[in-house]
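Subject: Structure handover

Hi,

Here is the structure for your files. My notes follow below it.

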Amino acid sequence: MSKYCIKCGAELEDNAMFCDDCGAQQMMQSAPIKEVASNQVKMSNADNKKMKESGYGIASLVLGIISVLTLGALFLPELLGIIFGICGLRDKSKKTSLALTGLILSIVATVLLVIVLIV
């Protein structure tokens, strides 16, 4: 056995058409395992560079933090934080973690405002 999977680097039978571990279709000649591993690192770095944070997500997070610190008294940051958070979550080509965090903080601040107004 001197053939390795082009995707995951697992050792394969010489006549294998598909990898038993990951199911990737194999080419006729295989690359050495070190070359496969370096190609995977290059691909993952390229994927990470493509997936950047959205400007909406960053804005939503900043507005969410401001909203919570002011206990919702300003109202405008909560509203904008919710709007920017939703816009950031809708952009699937970008990461959404900051948008989600900002959205949650803005909603929490809005709930705090309602509680303060009731009490």
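The accessible surface of the protein chain comes to about 8,100 Å². Carbon and sulfur atoms account for 67% of that area. Please keep in mind that this is a predicted model. The chain has 119 residues, and 25% of them count as buried.

On secondary structure, there are four helices and two strands. The order along the sequence is β-β-α-α-α-α.

Contacts next. Take the pairs in the protein chain that lie at least 6 residues apart in sequence: 52% of these contacts join residues at least 24 apart.

Helix α2 covers residues 55–69, and helix α3 covers residues 76–90. Their axes are 8 Å apart and the packing angle is about 150°. Angles over 145 degrees count as roughly antiparallel, so α2 and α3 are roughly antiparallel to each other. The crossing of α2 and α3 is left-handed.

Which residues meet where α2 and α3 touch? From α2 come Y56, G57, A59, S60, L63, I66 and S67. From α3 come P77, E78, L80, G81, F84, G85, C87 and G88. By class, this contact of α2 with α3 has eight nonpolar, six polar and one charged residues.

Best wishes

Conventions
Residues are numbered from 1 along each chain as its sequence is written. This is a predicted model: local features need pLDDT of at least 70, side-chain atom pairs count only at pLDDT 80 or more; totals for chains, interfaces and linings use all residues. Side-chain values use heavy atoms; hydrogens and water are left out. Axes are lines fitted to C-alpha atoms, for helices over the stretch in contact, and angles run from 0 to 180 degrees between N-to-C directions. Angles under 35 degrees count as roughly parallel, over 145 as roughly antiparallel, 65 to 115 as roughly perpendicular and the rest as oblique. A crossing is left-handed if the near helix is turned anticlockwise from the far one by less than a right angle, and right-handed if clockwise. Contact means heavy atoms within 4.5 Å. Ala, Val, Leu, Ile, Met, Phe, Trp, Tyr, Cys and Pro count as nonpolar, Asp, Glu, Lys and Arg as charged, and the others, Gly among them, as polar. Buried means under 20% relative accessible area, exposed over 50%, partly exposed in between (1.4 Å probe, protein chains only). Accessible areas come from the Shrake-Rupley method with a 1.4 Å probe; for residues, only the protein chains shown count as cover.
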